[in-house]
Structure formats: structure tokens, C-alpha cells
Amino acid sequence: DNGPTSLEDDRYLAGLRGKKTFVYEGGIKAICLVKYPAAFLGNRKLDEISAHIDILPTLLDLSNIPYSPDELDGISLAPLLKGESNTLHERYLFWQSHSGMPQQERAFAVRQGNYKLVQQNKVNGSFDPGIHTNYELFNVALDPLEEKNLVEKKPEIKDRLLAEYKK
């Protein structure tokens, strides 16, 4: 589960910002525990960023079921889990939160490496990206609680992440 639905809820969020339906870490971050003693080394913590879209290609790989990686959005975590690799190739991950009809730039996040661009504004009713946008940029490796907005200090990273989101 990726958090409570109310900020007043006293469920544990490890100090993370946001809640369920938010694109801050408190709304999207969830742990994943995997046990497969016949194939995986035990007692390891992997810090590579992955997402739900990686589960299907991972299970297909582990089951030796052929598939075309180009037909899936995710990547297989099997080499990482089996200790054949220590890292995943760097990629962009995207989150979009909305009620009803999706609208571009309404409550989204895009992450590459340590940097995450957030536009959390979830206004009710109509949404105009020219009026309602409020970009925030975080280095989540150094600032996991998303308290230090770097958007003014690193506009080139904001622009790159925003361009990838808009593709």
C-alpha cells in the first residue's frame, strides 16, 4: 500500500511528504519484498528505482517465457534480483494522478536518476496549466522528504524532465 488517503490519518509515512493520490513520495513510494531462495541471494537491500510496470517483465524472465521488451513499458529486474547486475539502466519514470478525465500537467511527477520534477497542484474543477502549475524539483537521494525545491537552482534539469513528460 502506498499510504493513507488523508493527511490527518495517523498512519506511518516515514516522514514522507504527501499521501495516496499525491505524486510526492508519500503517495507513490512503496516497498517491495521478494523471496525466491532458489534464484536470489538473500538479505539484500536494493536501492534501484523501479515501478509496478517492471513486475510483468520480471516474472516473464524468471519464468523463461519469451516476450518482446519493446511491447512492455517496464524492464526486467531479474538480473538485479539474481545478482547478475548491480544497477539498472537509467530511464525516466512517470506518475500522473487525477480524478476523472486525465489532464496533461495536472498532478504529475517525472523522475530520472536522483532528480524528480513534481507538479502536484490538484485543483478542483477546470485546470489551466498556464495558471495552475507549480513546479518543484527535488534530489530525492539527498532530500527524501522533498523539502528543498531546486527548481530555481537547476532550471536545466527541470526543463529536461518537463520536456520528457510532454513527449
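Predicted model: local features only at pLDDT ≥ 70, side-chain atom pairs only at ≥ 80, totals over all residues.

## Who Leu150 touches

Setting aside neighbours within four places in sequence, Leu150 is in contact with Tyr115, Leu137, Phe138 and Asn139.

Phe138, one of those contacts, belongs to a second, separate core of 11 residues, which also includes Phe22, Val23 and Val140.

## The largest nonpolar core

Leu150 itself sits in the largest nonpolar core, which has 12 residues in all. Tyr115 and Leu137 are in there too, along with Phe108, Val110, Leu117, Tyr135, Val151, Ile157, Leu161, Leu162 and Tyr165.

Which elements give two or more residues to this core? They are strand 2 (108-112), strand 3 (115-119), strand 4 (135-139) and helix 5 (155-166). Helix 5 gives the most, with 4 residues.

Four of them form an open sheet in the order 1-2-3-4, and the pairing is antiparallel. Strand 1 (92-96) and strand 4 stand at the edges with a single partner strand each, so each has one side left without a neighbour in the sheet. Going from one strand to the next, the twist averages 15°.

## A closer look at strands 2 and 3

How many bridges join strand 2 to strand 3? There are 5, and the two strands run antiparallel. Phe108, already met as a member of the largest nonpolar core, has Gln119 in strand 3 as its bridge partner.

Key:
Residues numbered from 1 in each chain as written. Heavy atoms only, no water. Core = buried A, V, L, I, M, F, W, Y, C linked by side-chain atoms within 4.5 Å. Buried < 20%, exposed > 50% of the residue type's maximum accessible area, 1.4 Å probe, protein only. Contact = heavy atoms within 4.5 Å. Pairing = 2+ DSSP bridges. Axes fitted to C-alpha atoms, helices over the stretch in contact; angles between N-to-C directions.
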